[in-house]
Amino acid sequence: MGIVKAPGLRVLAVDDEPLQLDELAYLLRGDAGVAEVVTAGDTTEALRCLRDRGVDVVFLDIRMPGLDGMELARVLGRFASPPVVVFVTAHDDRAVDAFDLGAADYLLKPVRADRLAEAVRRAARARAVTAGTRPSPEPVLDDVIPVELAGTTRMLPRSSVRWVEAHGDYARLHTADGNHLVRVPLSLLAERWADAGFVRIHRSYLVALRVIGELRLGSSGYVVVVDGQELPVSRRHTRELKDRLVRAAKTGWR
């Protein structure tokens, strides 16, 4: 079932493949941030474990017989105090669904120890936020979004995104190092990231306030300058942008 160590996360690991479940549990028990590990071979057993004991984080496979991992995550989301969810899967085609469900991380099998340690840290920060306590050592939870890099799914920190460009039902995230096309509509990101200092300047653009170098009136209307590039500001968003810039200057660009 599990072992108790120093204070840390109480973890439930769920996978219908016994060898992979044993390997995941072994790695989790070796992490200093984990206090207890309980395992379940399917979602029914997982729900029984959750009924009988408190759990902080669920490391959850996706493709399982019966109720799959995504469906279980939706059930967990209706709990009065839902555990943090980290998906662990051999498939990279559900990363956007995981993001929509608010997963703290998305790990691809075979799981590396260093990548699992990073997921444990993210889960601890997410749990601290949902529990209303101050996370340590990093007090601010940085939202992440799954992106594809050379055939591998990585979780890109929101703080690295400078501006976002709409591409139909997709969005292109621009960072200092390049750009990434993700299957998330711009409208969803605008809603989720509004409190993190991002502002809609146009139906096709979302910009981090902190990177706006200049707002000026051009021949075709207002534009903002980000990293030397001009981005258009639509008339309907001009007043809101000006107000947000003024407020941001007073409150530390949030």
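This is a short talk through one predicted protein model, from its overall make-up down to a few single residues.

Okay, ground rules before we start. The model is predicted, so local features need pLDDT of at least 70 and side-chain atom pairs count only at pLDDT 80 or more, while totals for chains, interfaces and linings use all residues. Residues are numbered from 1 along each chain as its sequence is written, and side-chain values use heavy atoms, with hydrogens and water left out.

Of the 254 residues, 45% count as buried. Buried means under 20% relative accessible area, exposed means over 50%, and partly exposed is in between, using a 1.4 Å probe and protein chains only. I'll also say "contact" or "touches", meaning heavy atoms within 4.5 Å. Among contacts with a separation of 6 or more, 54% are between residues 24 or more positions apart.

Now, the insides. A nonpolar core here is a set of buried Ala, Val, Leu, Ile, Met, Phe, Trp, Tyr and Cys residues joined through side-chain atoms within 4.5 Å. How many residues does the largest nonpolar core have? It has 33, and Ile 145, Val 164, Leu 173, Leu 189, Ile 201 and Leu 241 are the ones with the most contacts inside it. Apart from that core lies another, of 24 residues, including Leu 12, Ala 46, Leu 60 and Ala 73.

At the start of H2, a side-chain oxygen of Asp 42 comes to within 3.1 Å of the backbone nitrogen of Thr 44.

H3 gets a similar tour. Here Gly 69, Met 70, Leu 72, Ala 73 and Leu 76 are buried, and their arc of only 160 degrees puts them on the same side of H3. They pack against helix H2 (43–52), S3, strand S4 (84–89) and helix H4 (95–100). At the start of H3, a side-chain oxygen of Asp 68 reaches to within 3.1 Å of the backbone nitrogen of Met 70.

Where does Asp 61 lie? It's in the loop between strand S3 (57–60) and helix H3 (69–76). An unreviewed UniProt entry annotates Asp 61 as "modified residue: 4-aspartylphosphate"; such positions are given in the numbering used here, feature names are shortened, and annotations may be inferred rather than shown by experiment. Is Asp 61 buried or exposed? Buried, at 4% relative accessible area. Leaving out residues up to four places away in sequence, Asp 61 touches Val 14, Asp 15, Asp 16, Gly 69, Val 88, Thr 89 and Lys 109.

Pro 110 lies in the loop between strand S5 (105–108) and helix H5 (113–130).

Last stop, rings. The structure holds 2 aromatic pairs. Rings of Phe, Tyr and Trp (its six-membered ring) pair if their centres lie within 6.5 Å; planes under 30 degrees apart are stacked, over 60 edge-to-face, and the rest tilted. Trp 163 and Tyr 205 are tilted, 6.0 Å centre to centre with 45 degrees between the planes. Trp 163 is in strand S8 (residues 161–167) and Tyr 205 in strand S12 (residues 205–208), so the pair ties together parts that are 42 residues apart in sequence. Trp 193 and Phe 198 have ring centres 5.0 Å apart and planes at 50 degrees, so that pair is tilted too. Trp 193 is buried at 0%, and Phe 198 is buried at 4%.

Methods:
Helices (H or I, at least four residues) and strands (E, at least two) are DSSP runs, numbered from the N terminus. The arc is that of the directions from the helix axis to the C-beta atoms. A polar contact is a pair of N or O atoms within 3.5 Å; within protein, one must be able to donate a hydrogen and the other to accept it, and residues adjacent in sequence count only if both atoms are side-chain atoms.
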